[in-house]
Amino acid sequence: MQASSLGFLESVDQNFRHAMTFLDLSEGLTERIIQCNSTYTVRFGVRLRGRMYSFIGWRSVHSEHCEPVKGGIRFAPNADAEEVEALAALMTLKCSLVNVPFGGSKGALKIDPREWTTQELERITRRFTQELYKRGLIGPGVNVPAPDIGTGEQEMAWMMDEFRRANPTDVVNARACVTGKPLSKGGIAGRTEATGRGVQFAVQSYLRDPRTAGLGGRRDLKDASVILQGFGNVGYHAAKFLSEQDGARVTVVAERDGYVTNPEGLNIEALKQHQICTGSILGFAGAKSFAGDMTGIEQPCDVLIPAAMENAIHVKNAGRIKAHLIVEAANGPVTFEADQILRSRGVIILPDLYVNAGGVIVSYFEWVKNLTHIPFGLMERRRRERRNQTIAAALERMTGKEFPADMRDEFLEGGAEIDLVRSGLEDVMRSTWARIGDLLEKQPELGDYRTAAYVASIRQVADAYEAIGI
Ligand SMILES: NC(=O)c1ccc[n+]([C@@H]2O[C@H](COP(=O)([O-])OP(=O)(O)OC[C@H]3O[C@@H](n4cnc5c(N)ncnc54)[C@H](O)[C@@H]3O)[C@@H](O)[C@H]2O)c1
């Protein structure tokens with residue numbers, strides 16, 4: 001997915017430097033914040049299928065102004081050190097923007113997971129974890145990985161288990177060494193859907209804010225046409241919530257082998273089942289398929305959600321994008337140059353560091369849950385229970401009737417973990433949008449949401465560096 005003259009890392013760097021022009025920081029501090037602190041390359045061998053296979057991976061730490069540092073681990077055949085550094089920089093910005101107390105990091109293993117069996121992937125993942133551990137690149141207080149492209153809760157469970165084995169005398173906090181784990185291994189309800197759910201809250205926050213242009217003045221997604229690129233974890237959940245709960249019509253889903261379309265709106269759940277059964281979205285009965293055609297994202301629509309790889313929209317195709325609103329669910333899907341072309345055409349872009357922050361927000365909840373060793377939100381649940389008891393007693397006094405027994409338990413229940421996670425996520429996404437909007441209102445010269453988000457975020461990182469005197 002290339003054809004940009006600027007690479008991913010250069011695009012992030014340009015965005016940084018553009019935002020820095022609105023901040024009054026010393027030159028030394030500017031460079032300190034932009035530069036990636038370290039990138040480790042790990043090479044290791046695993047004996048598989050009767051021979052030795054060599055693997056290469058990376059873990060970048062962009063900024064340690066807050067520790068531990070945090071960021072996903074990607075398993076992808078085209079991964080490289082530059083990509084990992086760009087992603088680590090975005091993690092620094094993202095965590096700062098949504099006020100989760102982590103520095104930025106990211107990792108990758110150059111591997112196509114589809115070429116290996118589950119047992120083989122387990123051995124590779126465990127060896128990779130050993131390499132990270134040896135270099136102090138995994139641990140609850142130092143560096144906390146999470147899922148990204150090509151990884152999920154299974155890989156996180158293996159990593160956590162390998163870390164725990166390496167620390168047999170200190171297993172108490174071992175669970176907090178990665179997030180995105182299965183529930184049975186210390187994960188948190190709602191983590192898998194979190195990034196897609198956050199995308200939904202981001203779109204809603206933008207549309208409901210009277211200061212924005214909305215969708216040509218419209219304030220909701222009812223019947224709006226949406227094109228999605230990338231039908232993986234983030235893309236699937238975003239499309240599911242926006243179509244089932246906000247009434248959007250997902251008219252195109254584009255994947256690496258082509259796209260499917262239905263102007264009436266695709267049935268997202270049925271399409272997912274088809275993808276799981278056949279390994280592709282193509283050939284889905286409820287749509288027309290275009291095999292090998294990568295122009296799905298160029299079809300007319302109200303909203304385009306790139307949720308696959310970086311550099312999906314570049315100088316060569318930016319002029320052909322017809323969406324009014326682009327919602328960056330992926331990291332870096334619009335290059336710096338494409339961003340300028342699109343904005344000159346009046347296209348509004350909601351930036352990645354805000355839109356896809358749901359994953360790290362809920363990862364933070366999971367990390368806190370693992371370190372406190374008490375069920376997530378126990379205090380909040382107790383508070384809600386007490387509040388609801390007071391309301392029930394007041395209602396009983398006013399009506400002179402007892403609260404119906406069948407409703408009582410449900411009403412008094414403070415809320416399950418999933419409700420608390422969702423409401424916490426919603427709260428952070430909405431308040432972060434308000435911060436971005438307020439800043440742009442106060443400083444209209446910033447010009448766009450990406451610059452406003454970068455400025456808000458960098459300012460906090462700068463404050464942290466200045467406070468510790470580096
Ligand atoms: N998983 C998370 O919690 C999370 C959090 C924040 C950001 N992100 C970002 O979201 C994006 C997607 O991550 P994910 O976790 O959903 O990964 P995933 O592996 O679950 O899904 C990615 C999907 O994109 C598809 N894809 C790959 N190349 C494509 C191409 N050229 N055209 C169309 N589709 C293509 C893949 O086939 C796959 O279905 C990445 O940029 C990732 O960094 C993920």
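**Figure 1. Thr-195 in helix α6 of the predicted model.** In this predicted model, Thr-195 is part of helix α6, which spans residues 194-208. Thr-195 has 29 other C-beta atoms within 10 Å and is therefore classed as buried, the cut-off for that class being 20 or more. When its neighbours within four places in sequence are left aside, the contacts of Thr-195 are Asn-233, Val-234, Asn-356, Gly-358 and Gly-359.

**Figure 2. Asn-233 in helix α7.** Asn-233 belongs to helix α7, and with 21 other C-beta atoms within 10 Å this residue is buried as well. Not counting residues up to four places away in sequence, Asn-233 is in contact with Gly-152, Thr-192 and Thr-195. Thr-195 and Asn-233 are also the positions at which UniProt, in an unreviewed entry, places the feature "binding site". These positions are spread over 39 residues of sequence, yet they cluster in space, with a largest C-alpha distance of 8.3 Å.

**Figure 3. The shell around the ligand.** The ligand is surrounded by 24 residues, of which Gly-230, Gly-232, Val-234, Ala-330 and Gly-359 are the closest. Divided by class, the shell consists of 11 nonpolar, 10 polar and 3 charged residues.

Figure 4. Seven strands, in the order β9-β8-β7-β6-β10-β11-β12, make up an open sheet with mixed pairing. Because β9 (288-291) and β12 (348-350) each have a single partner strand, they stand at the edges, and one side of each is left without a neighbour in the sheet. On average, and with direction ignored, neighbouring strands of this sheet are turned by 15° against each other.

**Figure 5. Strand pairing at β9, and helix α7 on the sheet.** Strand β8 (residues 258-261) runs antiparallel to β9, and 4 bridges join the two; within β9, Phe-290 is the bridge partner of Tyr-259. Helix α7 (residues 233-246) packs on the sheet, where it touches β6 (225-229), β7 (249-255) and β10 (303-306), and its direction makes about 170° with that of β6.

Conventions
Residues numbered from 1 in each chain as written. Predicted model: local features only at pLDDT ≥ 70, side-chain atom pairs only at ≥ 80, totals over all residues. Pairing = 2+ DSSP bridges. Axes fitted to C-alpha atoms, helices over the stretch in contact; angles between N-to-C directions. Contact = placed C-beta atoms within 7 Å. UniProt positions renumbered as here; feature names shortened; annotations may be inferred. Buried ≥ 20, exposed ≤ 12 C-beta atoms within 10 Å, placed from the backbone. Near = placed C-beta within 6 Å. Nonpolar A, V, L, I, M, F, W, Y, C, P; charged D, E, K, R; others polar.
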